[in-house]
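Trainee: Could we go through this model together? I would like to know what stands behind the terms.
Mentor: Happy to, ask away.

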Amino acid sequence: MSNLQHFTLDSTKPLFPDDGILKLYSMRFCPYAHRVHLVLDAKNVPHHDIFINLKEKPEWFREVSSSGKVPALELVREPGHPVLIESLIICDYLDEKYPEVPLWPKDPLQKAKDQILVERFGQFITTFYRILLNPNPADLESDDIFAGLAIYEEELKQRGTDFFGGSAPGMLDYMIWPWCERFAALKYDRGLVLDPERFSTLLKWRDLMLQDRAVKIFYLDGETHAKYMKSRRDGNPDYNMLYKATKRPKLE
């Protein structure tokens, strides 16, 4: 169950049947929450999506998320309905709780190596937002803004597989995908694209990821991401952009 409208300051807390289904508190454009959506969908785990306006959070959300941030996953089948926060912690929990579709490598060393790559991707995330949120893109013209992706291009090339996870996407693939999906926003927002010669392996990987079922379920195109980022850069993030786009007009 999901509703693209985001709950805001004066919203009442949504009521759900006592169905034992996980509750995911999210924001439709948040890449960290996107990670959790991908893992839940990859593992076919039913869940309720509850989208939160992060600029004007409902009062009741403070009682749900100890950090006041998304993602937050409420474990309704556990005593006391504990709530997990932080995307990587949530995704690790889900991989252990629902092992039928394993995402981390079974080999401890390979898992550790992949975890290091997830951690290092944070450096590119910082650069990515510096590009998208900088009101003066000309300031960045002398920077090699895609330098942080070079190690992933080389890593995937050395592995010689379609995905970092092998023949199918694994946890590393899903943990970096939300920002890779947003690459396309740079074309509309900043006139930037990945160099097809420098990043040929990653671009092939991107095309294969776009065919993945879990990716398709939550996918948004680059133009949509760019519109949202512009609204955020202008100081008024349009959380309900998709809700307004799909809302049917009232009949006269």
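Trainee: In what order do the 4 strands of the open sheet stand?
Mentor: The order is E2-E1-E3-E4, with mixed pairing. Strands are DSSP runs of at least two residues (E), helices runs of at least four (H or I), both numbered from the N terminus. One note on sources: this is a predicted model, where local features need pLDDT of at least 70 and side-chain atom pairs count only at pLDDT 80 or more, while totals for chains, interfaces and linings use all residues. Residues are numbered from 1 along each chain as its sequence is written, and side-chain values use heavy atoms, without hydrogens and water.

Trainee: Why do E2 and E4 count as edges?
Mentor: Strand E2 (47-51) and strand E4 (83-85) each have a single partner strand, so one side of each is left without a neighbour in the sheet.

Trainee: What makes E1 and E3 a pair?
Mentor: Pairing takes at least two DSSP bridges between two strands. Strand E1 (residues 22-26) and strand E3 (residues 72-74) have 3 bridges, in the antiparallel sense, so they meet that definition. Within E3, Ala-72 is the bridge partner of Tyr-25.

Trainee: Why is His-37 called buried?
Mentor: Buried means under 20% relative accessible area (over 50% is exposed, in between partly exposed; 1.4 Å probe, protein chains only). His-37 has 1% relative accessibility, so the residue counts as buried. His-37 belongs to helix H1 (residues 31-42).
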